[in-house]
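Please look at the structure below first.

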Amino acid sequence: MPLEIGSPAPAFTLANQFGEVVESSSLVGGAVVVFFPFAFSRVCTDELGQLRDNLELFDAAGVTLVAVSVDHKYTLRAFADANDISFDLLADFWPHGTVTRSYEAFDDTNGYADRVSYVLDGSGTVRAVVSSDHGQGRPIAHYAHALSSVEAAL
């Protein structure tokens, strides 16, 4: 079960694909935190490509887009380079999935992230959840709807 709307999002500190430290507290103005199973998998590659191709949606809403995986930062760097991804890909590699677990987005059976995304406001409160089943990407239209409903509520 994902975090509930209205609940505070857990704080985190993770390395991005360049080894730079990203803290949740630095995501001022709000954020969309996208959990995904694996870099280089077919569905994740398609899904993150859609996010890359629609960055203006997140920019227009004034939120920072970050994606979190249990992959190592070196894997995420290769993936970002291969797919021209400019937003932060965060490595929740070790201890394995600690942040992903804190966001109720870890599949304990398979050892990787569920497909769940959180729209957070500037104070770090969960305002919307976008999710899908394993093997199915989250449509970009679901992000647009979540962002517009959050903007209307604020």
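Being four residues apart in helix H3 (residues 73–83), Asp 81 and Arg 77 are separated by about one helical turn. Helices here are DSSP runs of H or I with at least four residues, strands are runs of E with at least two, and both are numbered from the N terminus. The model is predicted, so local features need pLDDT of at least 70 and side-chain atom pairs count only at pLDDT 80 or more, whereas totals for chains, interfaces and linings use all residues. Residues are numbered from 1 along each chain as its sequence is written, and side-chain values use heavy atoms, with hydrogens and water left out.

**Salt bridges**

Asp 81 and Arg 77 also form a salt bridge, a term that stands for a side-chain nitrogen of Lys or Arg within 4 Å of a carboxyl oxygen of Asp or Glu.

| Pair | N to O distance |
|---|---|
| Arg 115 and Glu 47 | 2.8 Å |
| Asp 81 and Arg 77 | 3.4 Å |
| Arg 127 and Asp 121 | 2.7 Å |

Salt bridges with shared partners join Glu 47, Arg 115 and Arg 138 into one network.

The partners can be sorted by relative accessible area: buried is under 20%, exposed is over 50%, and partly exposed is in between (1.4 Å probe, protein chains only). Arg 115 and Glu 47 are both buried. Asp 81 counts as exposed because its relative accessibility is 53%, while Arg 77, at 34%, counts as partly exposed. Arg 127 is partly exposed at 35%, and Asp 121 is buried at 9%.

**The loop at Gly 122**

Gly 122 sits in the loop between strand S8 (115–120) and strand S9 (126–132). Its relative accessibility of 53% makes Gly 122 exposed. Leaving aside neighbours within four places in sequence, Gly 122 is in contact (heavy atoms within 4.5 Å) with Gly 29 and Gly 30.

**The sheet**

Seven strands form an open sheet with mixed pairing, in the order S2-S1-S5-S4-S3-S8-S9. Two strands pair if DSSP finds at least two bridges between them. The edge strands, S2 (21–23) and S9, each pair on one side only. From one strand to the next, the twist averages 30 degrees. S8 and S9 are antiparallel and pair over six bridges; Val 116 has Ser 131 in S9 as its bridge partner.

H1 lies across S3 (31–35), S4 (64–69) and S8, at about 20 degrees to S8. H3 packs on the sheet as well, touching S1 (13–16), S4 and S5 (88–91), and its direction makes about 160 degrees with that of S5. Axes are lines fitted to C-alpha atoms, for helices over the stretch in contact, and angles run from 0 to 180 degrees between N-to-C directions.

**The cores**

A nonpolar core is a set of buried Ala, Val, Leu, Ile, Met, Phe, Trp, Tyr and Cys residues joined through side-chain atoms within 4.5 Å. The largest has 25 residues, and Phe 58 and Leu 48 are among those with the most contacts inside it. Helix H5 (140–153) gives the largest share of this core, four residues. Phe 58 touches residues including Val 32, Ile 140 and Leu 147. Apart from this core lies another, of 20 residues, among them Ala 9 and Tyr 118.
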